Every structure is written in structure tokens, then in C-alpha cells.
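Please read the points below with the structure open beside you. They follow the order ligand, charged pairs, rings and backbone.

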Amino acid sequence: MPAAALGWTERRQEEFAKYSSRGLLPGRVVAEHRTHYQVATSDGEVAAEVTGALRNLAMQRSDLPGVGDFVALRSNSVDGPASIEGVLTRTSALIRKASGEKRPQLLASNVDVAFIVMGLDGDFNLARLQRFLELVQGSGATPVIVANKSDVSRDIPEVTQQISSVAPGVPLHFISARGGAAIADLEPYFHPDRTIVLVGSSGVGKSTLINRWLGHTVQLTQTVRSHGDRGRHTTTHRQLFIRPDGGSIIDTPGVRGLEAWISADPVEAGFDDIDTLATQCRFRNCRHENEPGCAVRAAVKRGELDAAHLAGFVKSRAGRH
Ligand SMILES: Nc1nc2c(ncn2[C@@H]2O[C@H](COP(=O)(O)OP(=O)(O)OP(=O)(O)O)[C@@H](O)[C@H]2O)c(=O)[nH]1
Ligand SMILES: [Mg+2]
Ligand SMILES: [Zn+2]
């Protein structure tokens, strides 16, 4: 395990002893795909699957491994995926869970600091900031507010005052990811043993920051997408990156659905997420019921969209006709 870079602390090493005695190897989940996990190990990244036994033990979906988890791996045949046989105790977990929701989803685990990124352009929204703050405060990670796009900024003293009214005592930094202004102010949060997650709405500049910290373009950002897809999020899945000079950083997609999940009020949350997904349905007039090639139901199946939220959408639309 490239120890320091991945946050492989002594405490984790101790907990891992019960697995190493069974011949298992440590790894850290860097991405979660529909069919498999991508896990970083001392021998590089490998594909891995969860064993049936571990799946049966999981009481709910958030008990299964997610991005940021330290896992115990058994390597199988030369070309087959490795098996994940255990998950180490999490030191923190960002879990999205709306009230009454039965399927909490793990967004990232073993995160030390969460940068809540806001855009100082049209995106700026205090209610949304508050919801992200609640998500982070329930996780065990330390929140830091990053107000990005200071180059197009509105009145900074005014914004500072507004933010401190909903987030008193939470560190606040004004930066420009694109221009580079004040980026260095965030450097002290990085540490070889530490993991930082970026959360925030779509388009606030999370991936632009990731690319800056990684020193090259690892994530697509909005400027390089094709035209005509306004409103769609650019980053599509959560991914952990290891900074060359130490420390791990997790990029997350600014899915509208996250706000829908956080918000207890479905009317307020809206259905932008479904509208966005619907642009990828095979039929333009898809009702997302049983049409073939429906991207919305596919997202529900993948667990990326709440089925109850889709049901609410179908119901509200029926009411309009
Ligand atoms: N003016 C200005 N634009 C910025 C800044 N940082 C990022 N942007 C632009 O904002 C747009 C969105 O940036 P992304 O990094 O793709 O945003 P994201 O938060 O990763 O979005 P999702 O992946 O959809 O969640 C791009 O066009 C960036 O160039 C900044 O500091 N100033
Ligand atoms: Mg992104
Ligand atoms: Zn559809």
C-alpha cells in the first residue's frame, strides 16, 4: 500500500491484522461502477467485486463499500476481478438520506475535510449551502466553505455576512479556481494522511479545482463538453484521486438529485434531475414508465435516482394533464 498517500494509518493497519492473517490484501475504493469497483492497491488499481457473503451481511446499501472505503481484497485468477471480503471501520461517512428514505446512499467515506464549493455567480444559494452543511455535519468530516469564481464576484463583504449567518464558525475561503486567486489558501488542508471531498451543485467548479490540484486534466469540466447540454452535470460518478505530493481528493458530481435527497420538501427540490436524465431517453416523449431505452428508469436501477422521487414526478405530471 502506498501508505501515506492513501491514508493508511497505524490504526487501520491494526484493524487489518485479522484480514492479513487470512491472506487478504489492503486496498482503497477509488470508484464505484455499475458492475464493479476500482480499488487502489500497492500494485496499482484493480477491478473488484463484493462477495456474496459480504452482500448478505449488509443491512442496507450504505453498508456496502463505497468510494473512500478501505477494503480487504482477495485476488483471484489472473484476469478475473478481485473479491472484496471486508470493509474497515469508517472514520467518517457522507450519507445522503432524506427523511423517511429507506435506502440511504453512501457518497464518500473516510473523509477528513469536506469542501462545500459554491459559485459566486448565478449558483449562489444560501438554502442549498445549508443543506450541504447538514450533510457534512452529519458525516464526521470537517466542513470548509469554498466560495469559488471570486473573479465574477458580487459583493464579497455582503456574501461573507450572509454565509456566516447560516454557517457561523465554519472556515470560509474566496477563491478563483479558473484564475488561481487565493488557491494557496486551501493548501494547509491537504496532508498525506488526509482525504478531502468536494461537494456542491453542478457547475460550481469542483472538477476545475481537482484538475488544478492534480496538475493536469483528469476530470472533464463544463467548458469542454459539447454544446446543447446545458443543465446536465459534467462529472458523472464519484472518483478518488491521489495527489502526487500526498493526500487524497474525491470529486463528486453535482447531481440535482442530491439536493432532492437532502431536501425534505419535494416541491422545493423540483425535478431538474429527471428532466436532465430524460434528455438521454430513446424517445423524446418518454413517460419513464415502461418505454424501452428509458434513461430515467436506468438511473433508478443503478441507484442514482430515488424511485420515490420518480413516482412523485409521474404523479405531479399526471396532475397537470
Ligand atoms: N469565472 C470562473 N469560472 C470558473 C471558475 N472555476 C470554474 N469555472 C467554470 O465553471 C464551469 C463549471 O466548472 P466544473 O469544474 O465543470 O464544475 P463542477 O462543479 O465540476 O460541475 P459538475 O461536474 O457538473 O458537478 C466551467 O466552465 C469552468 O471553467 C472560476 O473561478 N471563475
Ligand atoms: Mg465536475
Ligand atoms: Zn424515459
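1. A polar contact is a pair of N or O atoms within 3.5 Å; within protein, one atom must be able to donate a hydrogen and the other to accept it, and residues adjacent in sequence count only if both atoms are side-chain atoms. A nitrogen atom of ligand 1 lies 3.1 Å from an N or O atom in the side chain of Asn148. An oxygen atom of ligand 1 is 2.8 Å from an N or O atom in the side chain of Lys206. With Gly254 the backbone takes part: one of its N or O atoms is 2.7 Å from an oxygen atom of ligand 1. The protein buries 94% of the 660 Å² that ligand 1 exposes when taken alone; accessible areas come from the Shrake-Rupley method with a 1.4 Å probe, and for residues only the protein chains shown count as cover.

2. This is a predicted model, in which local features need pLDDT of at least 70 and side-chain atom pairs count only at pLDDT 80 or more, while totals for chains, interfaces and linings use all residues. Residues are numbered from 1 along each chain as its sequence is written, chains are lettered from A and ligands numbered from 1 in the order in which they are written, and side-chain values use heavy atoms, with hydrogens and water left out.

3. Which residues come nearest to ligand 1? They are Ser202, Lys206, Thr208, Thr235 and Gly254, out of 23 residues around the ligand (a residue is near a molecule or strand if one of its heavy atoms lies within 4 Å of it). The shell is made up of four nonpolar, 15 polar and four charged residues. Here Ala, Val, Leu, Ile, Met, Phe, Trp, Tyr, Cys and Pro count as nonpolar, Asp, Glu, Lys and Arg as charged, and the others, Gly among them, as polar. With three residues, α6 gives the most to this shell; helices (H or I, at least four residues) and strands (E, at least two) are DSSP runs, numbered from the N terminus.

4. Side chains of opposite charge can pair when their charged atoms come close. The structure holds nine salt bridges, each a side-chain nitrogen of Lys or Arg within 4 Å of a carboxyl oxygen of Asp or Glu. One of them joins Glu32 and Arg238, at 3.6 Å from N to O. The two are 206 residues apart and link distant parts of the chain: Glu32 belongs to strand β1 (residues 25–32), and Arg238 to the loop between α6 (206–214) and β12 (239–242). Glu32 counts as partly exposed because its relative accessibility is 30%, whereas Arg238, at 14%, counts as buried (buried means under 20% relative accessible area, exposed over 50%, partly exposed in between, with a 1.4 Å probe and protein chains only).

5. Glu291 and Arg287 form another salt bridge, at 3.1 Å from N to O.

6. Arg128, in helix α4 (residues 126–137), is buried at 14% relative accessibility. Its side chain is joined to that of Ser201 by a polar contact of 3.2 Å.

7. There are seven aromatic pairs. Rings of Phe, Tyr and Trp (its six-membered ring) pair if their centres lie within 6.5 Å; planes under 30 degrees apart count as stacked, over 60 as edge-to-face and the rest as tilted. Phe16 and Tyr19 form a tilted pair, 5.5 Å centre to centre with 50 degrees between the planes. Because they are three residues apart in helix α2 (residues 10–20), about one helical turn separates them. Phe16 is buried at 2%, and Tyr19 is buried at 8%. Ring pairs link Trp8, Phe16, Tyr19 and Phe70 into a cluster.

8. Most residues other than glycine have a negative phi, and most peptide bonds are trans. Asn110 is not a glycine, yet it has a positive phi of about 55 degrees. Asn110 sits in the loop between β7 (105–109) and β8 (113–119) and is buried at 2%. Lys149 also has a positive phi, near 70 degrees. Lys149 lies in the loop between β9 (142–148) and α5 (156–166) and is partly exposed at 22%.
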